[in-house]
Amino acid sequence: MSPIDQVLAAAKAIALSGHTPNLALVKARLSNKLPIPVIIQGLKEFKAMSKERWSSLTDLDMTHSVINEAPVMEPNIDLQQLLNTIGQLSQQIEQLTSRVHALENKVNE
């Protein structure tokens, strides 16, 4: 299946689910990463087609969907490590917020 055919099939699946195909929905539906210009070209072609024509398009094989390839989290994640990381990120956010406020005050002077 060519890249354009993949985009057309994804757009068809989205349309059949009751949504309007757009760049984000098509990109999320595709199992492989296609260049944005290819997706845009395929969307333009799909939107130019009559409903009868796109109804005859090949269906997208969803067995290789991005959703099916999502990694499964391991149950043995160290909770203390996650808490430490959250603490570090919170400190960084506070530091960055202070810097932004200082810069805003400097600009307003």
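**Entry 1: the whole chain**

I read along the sequence and found the pattern α-α-α-α-α. I counted five helices and zero strands in the protein chain. Helices (H or I, at least four residues) and strands (E, at least two) are DSSP runs, numbered from the N terminus.

I noted that this is a predicted model, where local features need pLDDT of at least 70, side-chain atom pairs count only at pLDDT 80 or more, and totals for chains, interfaces and linings use all residues. Residues are numbered from 1 along each chain as its sequence is written, and side-chain values use heavy atoms, with hydrogens and water left out.

I looked up burial next. Of the 109 residues in the protein chain, buried ones make up 20%. Buried means under 20% relative accessible area, exposed over 50%, and partly exposed in between (1.4 Å probe, protein chains only).

Then I checked contacts, meaning heavy atoms within 4.5 Å. Among contacts with a separation of 6 or more, 60% come from residues 24 or more positions apart.

**Entry 2: helix 1**

I went to helix 1, which has 14 residues. From first C-alpha to last it reaches 20 Å, close to the 20 Å expected at 1.5 Å a residue. The expected span is 1.5 Å times one less than the number of residues.

I listed its buried residues: Ile4, Gln6, Val7, Leu8, Ala9, Ala10, Ala11, Lys12 and Ile14. They pack against helix 2, helix 3 and helix 4. Just after helix 1, I found glycine 18 with a positive phi of about 95°.

I picked valine 7, found in helix 1. Its relative accessible area is 0%, so valine 7 is buried. Leaving aside neighbours within four places in sequence, valine 7 is in contact with Val26, Leu30, Leu34, Val38, Ile39, Gly42 and Leu43. I also checked arginine 29, 22 residues from valine 7 along the chain; their C-alpha atoms are separated by 8.9 Å.

Is lysine 12 buried or exposed? Lysine 12 counts as buried because its relative accessibility is 6%. This lysine is also in helix 1. Not counting residues up to four places away in sequence, lysine 12 touches Phe46, Trp54, Ser55, Leu57, Thr58 and Asp59.

**Entry 3: helix 3**

I moved to helix 3, residues 36-48. Its 13 residues reach 18 Å, close to the 18 Å expected.

Which residues of helix 3 are buried? I found Ile39, Gly42, Leu43 and Phe46. They cover an arc of only 100° around the axis, so they lie on the same side of helix 3. The arc is that of the directions from the helix axis to the C-beta atoms.

On the face turned away from that buried side, I saw the exposed residues Pro37, Lys44 and Ala48. What covers the buried residues includes helix 1 (3-16), helix 2 (23-29) and helix 4 (51-55).

**Entry 4: helix 1 against helix 3**

Two packed helices are described by the angle between their axes and the distance between the axes. I looked up both. The axes of helix 1 and helix 3 come within 8 Å and cross at roughly 55°. That makes helix 1 oblique to helix 3. Angles under 35 degrees count as roughly parallel, over 145 as roughly antiparallel, 65 to 115 as roughly perpendicular and the rest as oblique. Axes are lines fitted to C-alpha atoms, for helices over the stretch in contact, and angles run from 0 to 180 degrees between N-to-C directions.

Last, I listed who meets whom. Pro3, Ile4, Val7, Leu8, Ala11, Lys12 and Ala15 in helix 1 meet Val38, Ile39, Gln41, Gly42, Leu43, Glu45 and Phe46 in helix 3.
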